[in-house]
Structures are given as C-alpha cells and as structure tokens.
Amino acid sequence: MSSSNDSGAKLISKGIAVVAFLFMLHSGYSAREYLLYSKSIGRQDPSLPIDIVLECLGALAVMTIAVVLGVGELRPISYEAEMKRYSVDGIYSRPSFQVFNHRGRFLHPLKPAVAITEK
Amino acid sequence: MSSSLKLLAEIRQSSERRPFEVLKLSEPLLNKGSISQAGDDVWLVYEQVFIAAIDEGEIDVAKAVLEILHKRFGGSQRVKRLYGMINEAVGYPDEAKKLYDEMLEKDATNVLASKRLIALLKSQGQYSIAIQELVSYLDTHGNDFEAWLELAHLYLANHLYAQAAFCLEEVILQQPANHYFHLCYAEVNYTMGCLDIALKEYLRVVELSTDNVRGFYGIKLAADRILDITSHGAGKSRDSSHFKVENAPQKATLERLSQLATERLVAIYSGTNDATKKTVEAWLKL
Amino acid sequence: MVLVGVFRHQLTILMTGQPPKPDVKDIRQGKALLRGQTLAQNNSYIPTAAFIERKKYLCQAYEDGTYLKDKASKDKSPTDLMADPKNMEVMMDGMKKQMMGIVPQTLIMGWIQFFFSGFILIKLPFPLGLRFKQMLQSGIMTPNMDVKWVSSLSWYFINLFGLRGVFALILGGENSADGTRDMTAMSTMGAMGQQPGQPQDFNKQFLSMKDNLSIIYHEWDLENVEQRVLVKYGKQQRIFKSTRK
Amino acid sequence: MIEYTVSLQAYAKAILHCAKYPWATVHGLFLAEKKDGKIRFVDALPLAHNWTSLTPMFDVALQQAQLYAKTKGLAVCGYYVANEDTGATQLSAAGSLLAKTLIAVDDSTVAFVVDAKKLAPESTRAALVPYVYSESQWKEQSGAFSDTKGSSGTKGAAFVLENNRVLVATRKLIDERAEVGVHDFDEHVDDVSLDWLQNTTISERIKTA
C-alpha cells in the first residue's frame, strides 16, 4: 500500500539528509584544518579553497532538498479543501441529540436487559 | 498508529454516524489491546466505540467499554451521561432521565445533560415539548449552533418552515463560510416558495464549494422556475401567488445561470455510467 | 530550586479551591452579549429582512435588560465592587496565587544575595563572548574577569528560567511552580488596567452593543452573487458593482 | 378495484434503505409495471435520509426517476417513507405533500409508511401501511397485506406481496447487513459515481437472496 511506500521514501530521504550533514561537518573540519595550516606557515588573510566552499554549499543544498522531500504528503490549506472532507451526513448529524431507540431496535432486537446503574 | 485507528479518528472528526463501521474497525483493537496505541486519544476512542455500540445494540460491548471508562474517570459527569445513554438504548428512559436530572441538580449549567433530556423527549415522540425545551435552552445558550440545527430539524419535522429558516439563519451567522448551512437554508427557502432567496443561497453554495452537485441542481431548478413564473405573468401561472421572486436577477442573468448549471452538471456527470448520464441529460433537456 | 517549585505547586493546588461556577443566569447574560457580537460581525451573510428582525429584537432586549442577571440592578449606579461576595472570592483567589509566587521567590533571592553575593558559583566548560558578561556575572563588578565564570545571582536567574521545562516534565504542563509566569503577570498587570475577575457591567455593555447594532448599514453579501459566480466559472469578465436600491 | 403487488426487489430495497439509516426519516419511490388493471411494484428507488421534508432535491430526483422509468416502460406510482419517530405510522404533513406531487402525474399512486414494529424478525406481515388518495386526502387502507390474497381491499384497492418468500428473503438480507450496499439520491449528489437508479450491486444480491 501507499503507506509503506511512504515510510520507505521517508527513510531514504532521511538517510540522504544524514549523509549530507556528515559532508557539511567534514567541510567545516577541513576549513579549520586549512586555517590552522595556513596560520602555521604564516600566510596572511587566508581565503578558503574553492573545493571546501563547494562541498559545504553542495551538502547544504542536498540536505535542504532531502529534508523538504522527506516531510511526507503536503495537505491543502484552503477552507474549501477542508470542507470537502465533510458531508451533509457529518454536518447535520447533531451528535448531542442522537436518539438510540430507533428503527434498529426493531430490525435487530436486543436481548432483554435490566437497567444499568453506576457502581 | 495503525490504519484502523486512523480511520476511527477520521470518522470521529467527520462526526458522521457510522456505528457499524466503527464497531467493525474497533473489534480487533479491543480484543488485542492495541487500542492503547491511540495515545492520548484512547479515551475518545473508547467513547466513540461506546456510542457506536449502543447505536448498534451491542450492549455487551458497550458495557465492557463503559466499565473501562468508569474505572478511569469514575464520578465524571461525562461518564455519567454515558450511563444515561446506555439506559436509553436498552429501553429504560426513566432511569436515564433520573441520571440526567441528577447531573443538572449538581450543576445546572451542564449542557450535555440538558441536551440529552431534549433528545430523550424526542425519542419518546414528544416533539412539541422537545421544541419548547430546546427554545428555552437556546435562550440561555444562544451560541450553540448544534442546538439551533436540532431546532431547525424539529421544526422541519413539524412542517414549520419559516421557523426552521430562522434557526438556520442563526447557524449561518455563526458559521458563514460553511456551505452546507447555506445549502439547507436554500432548500428551506425553496420549499417555502422564496425562490429569489433560494437562488442566491444556491449560488453562494457553488461559490464556496466548486462544482457542488446539489448547488447546481438547485440553481437550475430555481432559475428555470423563476423564468417560468415571470414569463407567464404573475396572474396566469397556477399557484404562482405564493412564490416570491421580486428580488430575482434579470431575465438575461437567469438564463445564463441556468445555462451555466447545465454545463457544469454535464461536466460533472461525464464520468458516470450510461443510465445515469442519459437520465440526467434528459432531465436537462439536452 | 526544584523542591521549592514542587512545594509551591502543591501549595497552590491546596489553597486554590474550585473556581466559582458561573450559574445559568451568568451564562445567559454572557451569551446574549455574544449573540449581539456575532450579529454585528456577520450581519452581511443573512438577508436584510432577517437582519432587521434580529436587530429589532436584540436592541429591544438590551434596552429592557431582558437578559440581565439581576434585572433590579439595571437602573442602579455601577455596582459596588465589593458588594458581591463572589467577586470578593475571585479577587482573594488571585491575590493568594500571587502571594504564593512572590513570597518564596523573594525569600530565596534574598537568601542568595545575603550569603553568596560576590561569589562565583560555577565555571562554564566553553568560552563565551563579552556580551554574555551582563547575563552571567550580575552582582560582580570585575570588568576583566573571563566570562566563563558565573556569579551566584546569575546562576539563580538561569535556573529560574531554565527549570520551566523540568517542571513541565514532572508536574505536567499546567503547573504553578514556574516562577516566570508570575513575573510576566506582574509586568502586564499595569498595562491591562483591569484585574481579571473584576465584574463587568453588563447593562453598560448591552447598551453599547445596542448602539453598535443600530448604526449598522446592512447590505446582504449575496446581492451580487450572480456576477461573482459567473466570474468564478469563467462566464463573465468582471464584477459589476452591486446597485444599491 | 386495483390490485397492487409488491415484489421482493421493491420491498427488500426499500426496507434495506430504512435499515441503513435507522435513526432518520427515510423516503423513496416505487417503480411499477402496469398490466390490465393490476399494478406490480418491481423496483424501489431510494431517495433521501436527510432533509426529507424539503422539496428541491425531491423534485429533481422525482423528475429523473420518471424519465428513467419511461425508458424502462415503468411508471413511478409508489412513495414510501419511514418516520424518524418509530411510533408514528401516519403520513406526515410533508410526506403527504410530496406524495401529492406524484398524484399529479399518476393518479394510481399509493403512499406507504413503514411500520417499524413490523420490521421485527418474528413479524409475519409486510411492514408497509398503504395510504390511498381519495377526496383530496390520504386515507389509510387497513387490513392490507393480510395473509389471504384479495380478502383486503374493501375500499377499492388490494395489496399483496409477490409471494411468501419476500419477507423471509428480506429478513435474511437484514441479518446479513446487506444494507451497506444501498445508495440513495442523497449519497449520489455527494458522490455522483454512486448509482441510485440501478443500485446494481444490491439488486443482484436481492435477486439471489
């Protein structure tokens, strides 16, 4: 059924997000290593090499997409779509005023019962 | 959460009365004990199952569920009301009435008990007393739309359309964007002969709810009827005197509305089987 | 701190009795006003005749005080605050609750300030910027000390705010151990001007609602619904302005 | 004297419709075959369970039913209603007004009120109370559906069930909870794919019952 498919897709997208996050961490670690290294060789105003920046941005993009796709089915927010879920039966049911000795009692008779009291 | 719990929640939220399905869905849950997966909603599920069970006449199931609820919420007014309801179902309205009276004695503002007392009157066929009681209930709780709806229902059952229309206006005031109430109001007005109001309300229905079938049937019916009456002149058409059409739109607009309804209905019915489609097309005089 | 919070919660439960139940007439009075509000708000959704009928009825009822709980008090000057024993109770209740909040808090704070003022309580395991100095070292006037060190008073405040989650966990969401609520309550009280539980003068409110209703110019929302529907279903280009009769 | 016969298909479908919404007033139409002065109700068209005293949707459904009947060579000349109040077996004011619109087209129309008490398993009589229109009002026909054929009908109409199996088969369907398969016009306008005219699934099931 669709629900199992759904949870499968969710799992995959979660996995991708985790991997992307690891990549992001890795890029952060690389950046730190690089800065330490350039400090130790005494270079002024070090700017990060392009591969680290790309790794970071790419991981961010992948992670964003994976997380967005992983939230499951989106639901419409318009009032009309919300009302579509109801029917005349539901709107007009008036649950507080339901009566229980209706035709069903004749169609499917009850076993004789005694009055039920609260203990 | 299991799929049957999800379905139960859906039925609960729609407030449709489908006791047979509720029992069928809940039976395995009750037997296996997996009902506790519902988390915080578990008590709501129990209440739902209880009401379905007394509706279906499954008194043993109802008793078992009620015992669980009693153990958890002994002394609660909401559970006490359930005791009253099960007595109604097994045919002891006097016992039920006693319970509700007790609840009201303890707390005169208990709306659930007041409503059950009115339902009890209805179940005994005493419609006119029920109406009186409901009117006095609404004098206090003027913003209870469910009660206004019930009053409209009772008036309709007694053939009092103008009074029912008043109740529905009250409901519309509270929920102006719910097209079902506009629909009911339109039908009441049509029945009373207020065709102009009926047409406008039907239009409101299709404005709020795209391609609403009842709405377009109503528009077609009302627009054609008004055209018929106005073109024959007020005097000639039989029993046209009790129709109200003064505020209806002009002839050209009416014709366009009727045509729009025809078009939409044809489109809506395009996917149905032959017999239905042919009948509807014949009805639309295509 | 936690124990004090729990103690406070239990004490509050003990001291606050059942909130006074409104009786049927109170509800009737309130709902009548609500009905007027709904009518004023959504008047355009019902036909004009229906609106006028309701307006007439409600205005008359407000004028006559049909829905007033105590019809005799209609012509009296604004009711005396202290006259109604129920109001007394409500006010006492509020006072009790507030005392409950303030007393232990001031006690603990005083105690801490007395014994530990100028003491450093803990050292944070991570470095922080200078900006946090104000937050972490209140009560200590040493501009050069590393921000890692937290003064006792600051620690108290951090706890006060931080324990909210812990209380929610052990006492349930709606607990009264949380001290911060009292603080917000205290700060908003002045702004509100009116204490909760102060009786409202329904006669006055009814009369002003009557004025509100009587000045409404009613136009049925469905006057030009034909045009709107035709536009919605693509049968017409623009909406004509509704022509008022 | 007109003799009215009620077939299994018509009776069972109407009763199952009542069983689907036991808490509501429920109404519908009977389709009949007319042959040499005899009228045989061969099928039922379930109409509504909400707002049963309002006319617009009834008008639409009735007109469509008449068109549908014409294609089948049948006539719409029966109306059934089951009241919400189980004790009431008289035709309500709204019910008689609605049934009167049928009279305008076909003057042999009969209105039936479902008698809830006779729906019980041990009942041996049809649960329908017929009302015949004469002198501009609906009059109850007492003694209808009594066991011996033709003994009723002192007032110009006789009512019989098709055969003895009708009640037994209907009872079986009720016990099997077959009513979930019945769809009325009310459901149809909420979801047009539900076929209220033919009700194929339930018709087949009644046939084999």
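**Contacts, helices and loops in a predicted model**

Guide: In this predicted model, 27 residues of chain B are in contact with 26 residues of chain D. Contact here requires C-beta atoms within 7 Å.

Visitor: Which elements give two or more residues to the side of chain B that touches chain D?

Guide: They are α9, α11, α13 (213-236) and α15 (274-283) of chain B. α15(B) holds the largest share, with six residues.

Visitor: How do the residues of that side of chain B divide into nonpolar, polar and charged?

Guide: On the side of chain B that touches chain D, 15 are nonpolar, nine polar and three charged.

Visitor: How many residues does the contact of chain B with chain A take from each?

Guide: Chain B puts in 37 residues and chain A puts in 29. On the chain B side, α3, α4, α5, α7 (111-123), α9 (145-157) and α11 (179-192) each supply at least two. α5(B) gives the most, seven residues. The chain B side that touches chain A splits into 15 nonpolar, 11 polar and 11 charged residues.

Visitor: What makes the span of α3 of chain B close to the expected one?

Guide: Helix α3 covers residues 42-56 of chain B and has 15 residues. The expected span is 1.5 Å times one less than the number of residues. That gives 21 Å, and the helix reaches 21 Å from its first C-alpha to its last.

Visitor: Why is α3(B) called mostly covered?

Guide: The test for a buried residue is 20 or more other C-beta atoms within 10 Å of its own. In α3(B), 11 of the 15 residues are buried, so the helix counts as mostly covered. The buried residues are B:V45, B:Y46, B:Q48, B:V49, B:F50, B:I51, B:A52, B:A53, B:I54, B:D55 and B:E56.

Visitor: What covers the buried residues of α3(B)?

Guide: The cover includes α1 (3-14), α2 (19-32), α4 (59-73) and α5 (77-89) of chain B. Just after α3(B), B:G57 takes a positive phi of about 80°.

Visitor: Where do α1(B) and α2(B) meet, residue by residue?

Guide: On α1(B) the residues are B:S4, B:L5, B:L7, B:L8 and B:I11. They meet B:E21, B:V22, B:L25, B:S26 and B:L29 of α2(B). That contact holds seven nonpolar residues, two polar and one charged. The axes of α1(B) and α2(B) come within 10 Å and cross at roughly 145°. The crossing is left-handed.

Visitor: How do you know whether B:H159 is buried, exposed or partly exposed?

Guide: Buried needs 20 or more neighbours, and exposed needs 12 or fewer. B:H159 has 15 C-beta neighbours inside 10 Å, so it is partly exposed.

Visitor: What are the phi and the place of A:R94?

Guide: Phi of A:R94 is near 45°, positive in a residue other than glycine. A:R94 is in the loop between α4 (88-91) and α5 (104-107) of chain A.

Visitor: Which residues of chain A does the "transmembrane region" annotation cover?

Guide: The unreviewed UniProt entry places it at residues 12-32 and 52-74 of chain A. Residues 12-32 are 100% helix and 0% strand, with end C-alpha atoms 31 Å apart. Residues 52-74 of chain A are 78% helix and 0% strand, with ends 35 Å apart.

Visitor: Which residues of chain B carry the annotation "domain: EMC2 TPR-like"?

Guide: According to the unreviewed UniProt entry, residues 80-189 of chain B do. Over that stretch of chain B, the chain is 81% helix and 0% strand.

Conventions: Residues are numbered from 1 along each chain as its sequence is written. Chains are lettered from A and ligands numbered from 1 in the order in which they are written. This is a predicted model: local features need pLDDT of at least 70, side-chain atom pairs count only at pLDDT 80 or more; totals for chains, interfaces and linings use all residues. UniProt positions are given in the numbering used here, feature names are shortened, and annotations may be inferred rather than shown by experiment. Helices (H or I, at least four residues) and strands (E, at least two) are DSSP runs, numbered from the N terminus. Two residues are in contact if their C-beta atoms, placed from the backbone, lie within 7 Å. Ala, Val, Leu, Ile, Met, Phe, Trp, Tyr, Cys and Pro count as nonpolar, Asp, Glu, Lys and Arg as charged, and the others, Gly among them, as polar. Axes are lines fitted to C-alpha atoms, for helices over the stretch in contact, and angles run from 0 to 180 degrees between N-to-C directions. A crossing is left-handed if the near helix is turned anticlockwise from the far one by less than a right angle, and right-handed if clockwise.
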